[in-house]
Amino acid sequence: MSSREHPAQLRAAIYVRISLDPEQTRLGVERHREDAQRLADFRRYQVVNVYEDNDVTGSGRRRRPEFERLLADIEADRVDVVIAQEWPRLERNRTDGVRVIEAAKDHHVLLTFVKGSDIDCSTAAGRLAADMFSAFARNEIEVKSERQSGAQSQRARQGRVPKGTRPLGYAVDGSTILHEAEAVRAIYSAFVSGVALNAIAKALSGDARARAAVPGVPQLPNHSRTLMIERNKRRDEENRHLPKELHKWIRPVPEDRAWSTSTILGILRNPRYAGYSTYQKKSERPSGYAKDAVTRLSKRRALREAIVRDEHGMPVPPNGWEAIVSEAQWWTAQAMLDDEARATNRVGTERRHVGSGLYMCGECGKEKRQKLRSHSRGYECHVCGFHRTREPIDDLVDRKVRERLDEADLRDLLVGADDPRVAVIAQAVESQQARIARADDDYAAENIDGPLYRRIVDAAKAEIARLEKERLELTAGSAAADVLGAGRPAEAFANADLATRRAVIDELVDVYVKRWPRGKKGFDESSVEIVRK
């Protein structure tokens, strides 16, 4: 027997892992390390290294740096024995299980556990035992996942308050936080009025220019920072009743940062704000980048497809929380976001002048009519090559639009975000979704065959597409709804932000600006043609 074969000379590697340690106390991994060290001392192993993956799942969803280092050391013949608390601490996914078993087999490494038997992967019986332990570990995590998913699905079907991080406007218990709820309503109102996502984010962040242009959107601290402050406050309160060694970690709160457009988009897409309960399995959630427009659209609609429905296919009403915005306004926002022509929402406060990109050249042919752009103190057509002074044109358009706003038939011009017709279309879409759900159930119960199921589903989807198109056409002009619905529309127009005034002008008139003779002074109203829509 060589000196290397004597148990006292075997080189042991201790591997410890805890899936969840949000407080970073390391109590679990430290306890496991002590247990493994006692086992090594009892067997007279020489511990050459400790590998620690704390707060890292073993399911394979995240890379485990220390696990990878352990495998590298096994491959380099630096380890004779691996000690772990139990097999699930070592791995819980098929890929890592195979890697551990193969590495231990090829390099004659003994796997030993504080709570379990030794496994010699150099033998067929040892590899069989390792495969069985690996399968049990995977089954345990899959059963746990099914149990958790079932509980979450049940909460959603009952319309109860979902667990997890609270969204802006709601407390954890589902109650409404008033000032945040007002901010959510302002975000929806601004977006439906044609304000850019970037402008809304800037207004929330306190940008002076954006707040002046979008006065309804309040300044708020970044939501993630607010959540961290709240969490630290809860932990501080809990720590007062715990011994010092069990204190939860109080994370340092970062400086406030600007709101992002992706956060605003997430708020606009969240069905919960309209009173809808949602649930979707992780396996069904779209991920990654899609190059084709159809897939991109389906990904943007993912949350909408996750709306939970009852046995009749109708949305489950909320239980324990209230909607912050109306269903009609939420669907209006979805229609605007779904519009494929909307490559980006670069309107609103990102335009510095009323007519930029809105007024049209009166000299270009109708087939290639150019929109004017800002240039120095005026507007220009880069095709015809003429410039016009901005102020008199803007003043004329402003006066003509206010005259139109004072006329009696104004309210018949526009369908607003909360118009009953929008709600009727929303209900019709829900009915078609219910029809699809019933067909799914009938097909699963073998009450209908495949061809009939496909005809029902295809017809319902075609009707949904038609309704969505109609809703988009109705709500496309809803940006000006607040002005047209006001008691004094002309006054509301005069006091509105730039985005809303542009939307009203675009809804009511077409403006064609003609060339003005070079060197000629004064302003002739006939050089600007304002055509009512």
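Axes are lines fitted to C-alpha atoms, for helices over the stretch in contact, and angles run from 0 to 180 degrees between N-to-C directions. Helices are DSSP runs (H or I, at least four residues), strands are runs of E (at least two), and both are numbered from the N terminus.

This is a predicted model, in which local features need pLDDT of at least 70, side-chain atom pairs count only at pLDDT 80 or more, and totals for chains, interfaces and linings use all residues. Residues are numbered from 1 along each chain as its sequence is written, and side-chain values use heavy atoms, without hydrogens and water.

Leu 265, Leu 268 and Arg 269 of α10 touch Trp 330, Gln 334, Leu 337 and Asp 338 of α13 (contact: heavy atoms within 4.5 Å). This contact has 4 nonpolar, 1 polar and 2 charged residues. Nonpolar means Ala, Val, Leu, Ile, Met, Phe, Trp, Tyr, Cys and Pro; charged means Asp, Glu, Lys and Arg; the others, Gly among them, are polar.

Helix α10 also packs on α6, at about 95°. That makes α6 roughly perpendicular to α10. Val 184, Ile 187, Tyr 188 and Phe 191 of α6 meet Ile 264, Ile 267, Leu 268 and Arg 269 of α10.

| Helix pair | Axis angle | Axis distance |
|---|---|---|
| α6 (178-192) and α10 (261-269) | about 95° | 10 Å |

**Cavity**

The whole structure holds 1 cavity of 30 Å³ or more. A cavity is a set of points on a 1 Å grid over the protein atoms alone where a 1.4 Å probe fits but cannot get out; lining residues have an atom within 4 Å of a point. The largest cavity has about 40 Å³ of space. Its lining includes Phe 67, Val 82, Leu 90 and Leu 111. By class, the lining has 9 nonpolar, no polar and no charged residues. Helix α2 gives the largest share, 4 residues.

**Confidence**

The average pLDDT (the predictor's confidence in each residue, from 0 to 100) is 81 for the chain, and 84% of the residues score at least 70. Strand β3 (residues 81-84) is highest at 95, and helix α11 (residues 293-300) is lowest at a mean of 48. Residues 1-7 have pLDDT below 50. Residues 286-297 stay under 50. Where pLDDT is low, the predicted coordinates should not be read in detail.

Key:
Parallel < 35°, antiparallel > 145°, perpendicular 65-115°, else oblique. 1 Å grid on protein atoms, 1.4 Å probe; cavity = no way out; pocket = protein on both sides within 12 Å on 5 of 7 lines; lining within 4 Å. Points joined across faces, edges and corners; volume = space filled by probe spheres on them.
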